[in-house]
Amino acid sequence: MLAAARIAEQACGWLSGRMVNRYDLQRLIECLRIECSSEFEREWAEMSVRGIRGATCVDCDNPELLLAATRELLAELLQQNQIVDFDEIVSAIFTTTPDLTSTFPAEAARALGMRQVPLLCASEIAVPQALPRCIRVLLHVNSSKAPSEIVHVYLGEAKKLRPDIQSAQ
Ligand SMILES: C=C(O[C@@H]1C=C(C(=O)O)C=C[C@H]1O)C(=O)O
């Protein structure tokens, strides 16, 4: 639980059923202020920037299909990594294989609410025989998780890209 939520819960418990005077309230506010700042310092000290990878494929180069597939991928990445607040996301880089040019996958991220997140789209390297019609994403997030706790998400045909990750999960 976030420090602020836990402290607020404690404060509510302390206050419930009490007649509090102004002196008590001032004392409580001062205690919470000290407790909050040290808790936040501890939480921030444990935070690092982590990279989270994902990929998915579409059947053809159609903007609606591409945006729906990107939305699905992002939703899965957020859910699997318990990202509830877009402010935790530092940036997101998308690539599409050279056969996908109908739209920018970043639009799907904005449509999900990532309006403040810096986004970038680029074309993947045209490696011969590489998996076609593939959308990739690299999220950078502020996280207190260890690298081994990060869940990278490969959907559909894109699962073939990283069999090592599929077997590890
Ligand atoms: C294997 C992938 O495709 C390509 C190869 C990568 C790699 O070797 O790490 C990373 C991204 C892509 O350029 C992937 O998306 O994971």
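These are my notebook entries on one predicted chain, from overall layout down to single residues.

**Ground rules.** I number residues from 1 along each chain as its sequence is written. The model is predicted, so I take local features only at pLDDT of at least 70 and side-chain atom pairs only at pLDDT 80 or more, while totals for chains, interfaces and linings use all residues.

**Layout.** I started with the secondary structure, using DSSP runs numbered from the N terminus (helices are H or I with at least four residues, strands are E with at least two). The chain has five helices and five strands. Read from the N terminus, the order is α-α-β-α-β-α-β-β-β-α.

Next I looked up the domains, whose bounds come from an automatic or database domain assignment. That assignment gives domain 1 as 3–45 and domain 2 as 48–168. Their C-alpha centres are 39 Å apart.

**Overall dimensions.** I checked the radius of gyration, taken over C-alpha atoms, against the globule rule of 2.2 Å times the number of residues to the power 0.38. The chain comes out at 22 Å, whereas a compact globule of 169 residues would be near 15 Å. Along the principal axes, the C-alpha atoms fill a box of roughly 75 × 30 × 25 Å.

**Burial and contacts.** For burial I count other C-beta atoms, placed from the backbone, within 10 Å of a residue's own: 20 or more is buried, 12 or fewer is exposed, and in between is partly exposed. By that count, 22% of the 169 residues are buried. For contacts I ask that two C-beta atoms, placed from the backbone, lie within 7 Å. Among contacts with a separation of 6 or more, 82% join residues 24 or more positions apart.

**The core.** Nonpolar side chains tend to be buried together in soluble globular proteins. Here I looked for nonpolar cores, meaning sets of buried Ala, Val, Leu, Ile, Met, Phe, Trp, Tyr and Cys residues joined through C-beta atoms within 7 Å. The largest has 28 residues, and L73, L77, A92, A109, I135 and L139 touch the most other members. At least two residues each come from β1 (48–57), α3 (63–80), β2 (89–96), α4 (106–112), β4 (134–143) and β5 (153–154). Helix α3 gives the most, with seven residues.

I followed two of these members further. Leaving aside neighbours within four places in sequence, I135 is in contact with A55, T56, V58, L66, A69, T70, L73, F94, T96, L100 and P105. A109 lies in helix α4. Why does A109 count as buried? Because it has 24 C-beta neighbours inside 10 Å. Beyond four places in sequence, A109 touches L74, A92, M114, V117 and L119. M47, on the other hand, is 62 residues from A109 in sequence and 24 Å from it in space, C-alpha to C-alpha.

R50 is in strand β1 and is partly exposed because it has 19 other C-beta atoms within 10 Å. Its C-alpha atom is 5.6 Å from that of H140, 90 residues apart along the chain. Not counting residues up to four places away, R50 touches V141, S143, K145, P147 and I150.

N81 is in the loop between α3 and β2. Buried or exposed? N81 is buried, with 21 C-beta neighbours inside 10 Å. Outside four places in sequence, its contacts are I52, I150 and V151. The C-alpha atoms of N81 and V151 are 6.0 Å apart, for residues 70 apart along the chain.

**The loop between β3 and β4.** The C-alpha atoms of I125 and T97, 28 residues apart along the chain, are separated by 7.2 Å.

Q129 is in the loop between β3 (119–123) and β4. Its phi is near 65°, positive in a residue other than glycine. Q129 is exposed, since 5 other C-beta atoms lie within 10 Å. R133, in the loop between β3 and β4, has a positive phi of about 45° although it is not a glycine. R133 counts as partly exposed, with 19 C-beta neighbours inside 10 Å.
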